[in-house]
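Here is a report on a single protein chain. Please look over the sequence and the model before reading on.

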Amino acid sequence: MYLIMADRIDQKSIQELLPFLSMDARVDVKAMALEYILGLSGSVSGKTLLKENDEYLGRILHLTRDTNVNICGDALSVLVNLSAESLISEKLLEYNFVETFLTYSLSPTSEHADKVAMILSNLTRTEQGCSEVLKVVKRNEDCCLNKIVEVLCKEKFNMHCKLHYLATFLSNLTQLQETRDFILDKDRCVIQRLLSFTTYDASLTKRGGIVGAIKNCCFETASHEWLLSEAVDILPHLLLPLAGPEEFPEDDMEKLPPDLQYVDDSKTREPDAGVRKMLLDALLQLCSTKRGREVMREQNVYVILRELFKWETDDEAKKTCAHVIQVLIGDEPETGLQNLKQVQIPEHIKFDDEQLSYTASDEQ
């Protein structure tokens, strides 16, 4: 119903709603006006109309501070829809509400913290959005990166909300070097805390967001040796979600990290193809240094990936898996050559696209 109404509305009609989108308006009138605006925000034409009327954006933002929990919630729902559009999210950032939203999302009593976390996640999908939000994060200790990680890693922090979208928010922020440096700071132990969530089964959103953040941090080649050391021990956390119930010969088993030896017969792999792809991308980045390749060979990563390749049905994940395998079994580059793309793979052991598609078809 709302989508049809949104298509039919004109500028004059929507202008008549303005007086009702006010903190001073009667609660029932505000509720009806917001319900209508919420319908508008779910359609293309409605979003366009709201984007072109700055006064509506300002009033909706203002109503997120309404003392009535339902009015506040509906206003935030409108912003969730609107912030999903990149052009609108850029405009929203001009209203300087990020600090208020960050503080609200990190409060243990906020009833709509999940919606706010979704809005923050939407606002930071672009590097420019991340930069604007990080400026706020840096200047306020109450919503600093350390606080975000602390809240994200604490179960049942908020009595009303699960806060899973803080993970995608953090993942987005790792587009920036400064956030990656924070997570990879050897004295903070942040990456170690995040790694424990690669097998978090209570929420795909949280698990995927954290895996995305870890993947982005793996682009920092200067940290690879530390990540692969006992101080972090990243490999088992990346491999365990990709491992199945397969049994291996004793000599292969003994080379695997302890957490991957003798897994239970009921062991299942990460069910989401997107998350599997990110885990494989992280492994691929760790292959870009000589030490990374050495450690992965020493810990027999190949046998886990070999079985994953046989099992995998998603084309993109399967190709990435093949790429990691190729690097691990390929010839080492010349001394001093660290660029992964320059690793030479012998022709006779390459996986070609035709083989990939046939294998996927056979296993589906």
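The report below goes from the model and its confidence to the fold, and then to selected residues.

## Basis and confidence

This is a predicted model: local features need pLDDT of at least 70, side-chain atom pairs count only at pLDDT 80 or more, and totals for chains, interfaces and linings use all residues. Residues are numbered from 1 along each chain as its sequence is written, and side-chain values use heavy atoms, with hydrogens and water left out.

pLDDT is the predictor's confidence in each residue, from 0 to 100. Its mean over the chain is 88, and 88% of the residues reach 70 or more. Over residues 341–364 the pLDDT is below 50. That stretch has 37 contacts in the model beyond near neighbours in sequence, a contact being heavy atoms within 4.5 Å. Residues 1–7 also stay under 50, with 11 contacts beyond four places in sequence.

## Overall fold

The chain has 23 helices and 0 strands. Both are DSSP runs, numbered from the N terminus: helices are H or I with at least four residues, strands are E with at least two. Of contacts with a separation of 6 or more, 71% join residues 24 or more positions apart.

The chain has 364 residues, and 53% count as buried. Buried means under 20% relative accessible area, exposed over 50%, and partly exposed in between (1.4 Å probe, protein chains only). The accessible surface is about 17600 Å², with 48% belonging to carbon and sulfur atoms. Areas come from the Shrake-Rupley method with a 1.4 Å probe; for residues, only the protein chains shown count as cover.

## Rings and charges

Rings of Phe, Tyr and Trp (its six-membered ring) pair if their centres lie within 6.5 Å; planes under 30 degrees apart count as stacked, over 60 as edge-to-face and the rest as tilted. The count comes to 2 aromatic pairs. The Phe97 and Phe101 rings have centres 4.6 Å apart and planes at 65°, so this pair is edge-to-face. Both Phe97 and Phe101 are buried.

Two lysines also meet rings. The charged end of Lys318 sits over the ring of Phe309, 4.2 Å from its centre. That of Lys206 sits over the ring of Tyr200, at 4.9 Å from the centre. The rule asks for NZ of Lys or CZ of Arg within 6 Å of the ring centre and within 35 degrees of the ring normal.

## Cysteines

The structure holds 0 disulfides, a disulfide being a pair of cysteine sulfur atoms within 2.5 Å. For Cys217, the nearest cysteine sulfur is that of Cys218, 7.2 Å away. Cys217 is buried at 1% relative accessibility. Cys161 is buried too, at 8%.

## Helix positions

Met253 lies in helix 18 (residues 250–255). Met253 is buried, at 5% relative accessibility. Beyond four places in sequence, Met253 contacts Phe248, Leu260, Gln261 and Tyr262. Val303 is 50 residues away in sequence, yet its C-alpha is 9.1 Å from that of Met253.

Glu150 belongs to helix 11 (residues 145–153). Glu150 is partly exposed, at 35%. Its C-alpha is 9.1 Å from that of Val190, 40 residues apart along the chain.

## Positive phi in loops

Most residues other than glycine have a negative phi. Lys156 has a positive phi, near 55°. Lys156 sits in the loop between helix 11 and helix 12 (165–173) and is exposed, at 80% relative accessibility.

Asn300 has a positive phi near 60°. Its loop runs between helix 20 (290–298) and helix 21 (301–311). Asn300 is buried, at 9% relative accessibility.
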